[in-house]
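Reader: I have a chain open here and would like to go through it. Can you take my questions as they come?

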Amino acid sequence: MRTTKTTRLLLSGVATVALMGPAMALDAQAFVDRIAEVYKPLGYDFTFGAAALDGDTITIDGGTVTIVSSPEAAMEPMTFDTEVTFTGVVENADGSYTAESVTIPDIETDFAEEPAGHLSLSDIRVDGFYLPAGDPIPSIGLLQLFQSFSTGPLSLTRDGEEVFAFETMASQSTFNPSFATTELTDLASTFLISGMSADLTSVAEEDPAAGATIEALGLTSVTGEVYMEMSWAMADGHMDVSALSFDFDDVGALDITFDITGFTPTVLDQIYAMQAAMGTGGEPTEEQAQAQMMQGMALMQGVNIVSASIRYDDASLAGKLLDFFAAQSGADRATFVQGLKAMLPAMLAESGIPALNDLVVPPVSAFLDDPQSLEVKVAPPSPTSLLVLMAAAANPAGLITALGLAVEANQPVD
């Protein structure tokens, strides 16, 4: 019995140590250093303030961030003095980190003096935060940096007057399985900015002509939302962006979709490697430029277009533009539209592609007569690689067929 009791105590002690292990192994500075390492390939250069550890919670006392697209195109560092809190932090056996949530206090900051600019942003939160292991960091890891991100209202003011605002911004992703750097099979994401508003009256102060045009078109105050929805399978690189919409109330909506295959994590890794090579500074030699071109062509060989579309649905803007330019030309709208329609064949003839005339003139003419919607679609007979399409561009008429290009006006949404 004594032996059994002793064994139980030992097992209990081992279990306790095992449970405490991840929290005890945490090092706050190592954690923030890893944040900087992970986000650097994405173009963010972070320098953090003091980091403190309390159990499985790590707080960072502000810092600076510089957005870098190239060594010559780095933005001025932006300083943030807010305390960032990471809750439920765990260091995993492979060197990666997860945190249950990240919270940032509401932001109230001035960002310009003349004119005076002020930013307010509240309710900032990240759930399912992830810092992948590896050097270089695998692209699959970079795809899973967070499961959800959201904020409450944002307001930008200029000399005390609000020029841009939104009510909420939210991004949600699901990964199958979660936080796997080698076994991720697929993901799905959504993104939404709702209650967006912009006051464009101040444009006239910088550009009186543009301000007058904006006022004439009734665009001094614009509201709307932005929405995106996509899915991505890793095995065959099938990415389906089923919605990317910019919808502005009483103005119009622009909807973009595309469906591609072959955009695998391996391709993404190669793109990151090319970006890193090009970001080492200095002009590339002729040999380096040729090597980069060959790499780019190899990447395009594996990525195939299944379909794509750009659709504009008018809610007033097209009609207002026609009225505006008709008035500037001294004609009524009907006469102005007839003039545009008469010019279309000559404009297209300059491209040297006769097939465009039958493809473009009827739908564009219909849209000018009655602006409802205009859509450009690409749907190859079978998935076609970007490299093949580049080669087909030598014969523009053949490219139209290869793309399955179509232009439609005033048609209902599919």
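Predicted model: local features only at pLDDT ≥ 70, side-chain atom pairs only at ≥ 80, totals over all residues.

Reader: Fine. How many helices and strands does the protein chain have?

Author: The protein chain has 21 strands and 12 helices.

Reader: And what share of the residues is buried?

Author: Of the 414 residues in the protein chain, 35% are buried. The accessible surface of the chain comes to about 22,900 Å², and carbon and sulfur atoms account for 60% of that.

Reader: What about contacts between residues at least 6 apart in sequence: what share joins residues at least 24 apart?

Author: That share is 59% in the protein chain.

Reader: Salt bridges next. How many are there?

Author: The count comes to 9 salt bridges. Side chains of opposite charge can pair when their charged atoms come close.

Reader: Start with Glu 206. Which residue does Glu 206 form a salt bridge with?

Author: Its partner is Arg 158, with 2.8 Å between the closest N and O atoms. The two come from distant parts of the chain, 48 residues apart: Glu 206 is in helix α4 (residues 203-206), and Arg 158 is in strand β11 (residues 154-158).

Reader: Is Glu 206 buried or exposed?

Author: Glu 206 is exposed, because its relative accessible area is 60% and the cut-off for exposed is over 50%. Arg 158 counts as buried, because its relative accessibility is 18%, and buried means under 20%.

Reader: Another one. What does Glu 408 pair with?

Author: Glu 408 forms a salt bridge with Lys 377, and the closest N and O atoms are 3.5 Å apart. Glu 408 is in strand β21 (residues 406-409) and Lys 377 is in strand β19 (residues 373-378), so the bridge ties together parts that are 31 residues apart in sequence.

Reader: How covered are those two?

Author: Glu 408 is partly exposed, at 27% relative accessible area. Lys 377 counts as buried, at 17%.

Reader: Where is Leu 254 placed?

Author: Leu 254 is in strand β17, and it is partly exposed at 33% relative accessible area. Thr 261 lies in that strand too, which spans residues 252-261.

Reader: Is Thr 261 buried or exposed?

Author: Thr 261 counts as buried, at 16% relative accessibility. Beyond its neighbours within four places in sequence, Thr 261 contacts Asp 236, Gly 237, His 238, Gly 302, Val 303, Asn 304 and Val 306.

Reader: Surface now. Which residues form the negative patch?

Author: The negative surface patch is formed by Asp 110, Glu 113, Glu 114, Asp 159 and Glu 161. Glu 161 is in strand β12 (residues 161-166) and counts as exposed, at 54% relative accessibility.

Reader: Where is Pro 115?

Author: Pro 115 is in the loop between β7 (107-112) and β8 (117-121). Pro 115 counts as partly exposed, at 24% relative accessibility. Not counting residues up to four places away in sequence, Pro 115 touches Arg 158 and Asp 159. Asp 159 belongs to the negative patch, and Arg 158 is the salt-bridge partner of Glu 206.

Reader: Last one: which residues form the nonpolar patch?

Author: Leu 42, Tyr 44, Ile 67 and Met 78 form a nonpolar patch on the surface, and together they have about 300 Å² of accessible area. Met 78 is in strand β4 (residues 78-87) and is partly exposed, at 38% relative accessible area.

Notes
Residues numbered from 1 in each chain as written. Heavy atoms only, no water. Patch = residues over 30% accessible without salt bridge, like charges linked within 9 Å, V, L, I, M, F, W, Y side chains within 5 Å. Areas by Shrake-Rupley, 256 points an atom, 1.4 Å probe, with all protein chains shown as cover. Salt bridge = Lys/Arg side-chain N within 4 Å of Asp/Glu carboxyl O. Lys, Arg positive; Asp, Glu negative; His and termini not counted. Charge placed at Lys NZ, Arg CZ, Asp CG, Glu CD. Helix = DSSP H or I, 4+ residues; strand = E, 2+ residues; numbered from the N terminus. Buried < 20%, exposed > 50% of the residue type's maximum accessible area, 1.4 Å probe, protein only. Contact = heavy atoms within 4.5 Å.
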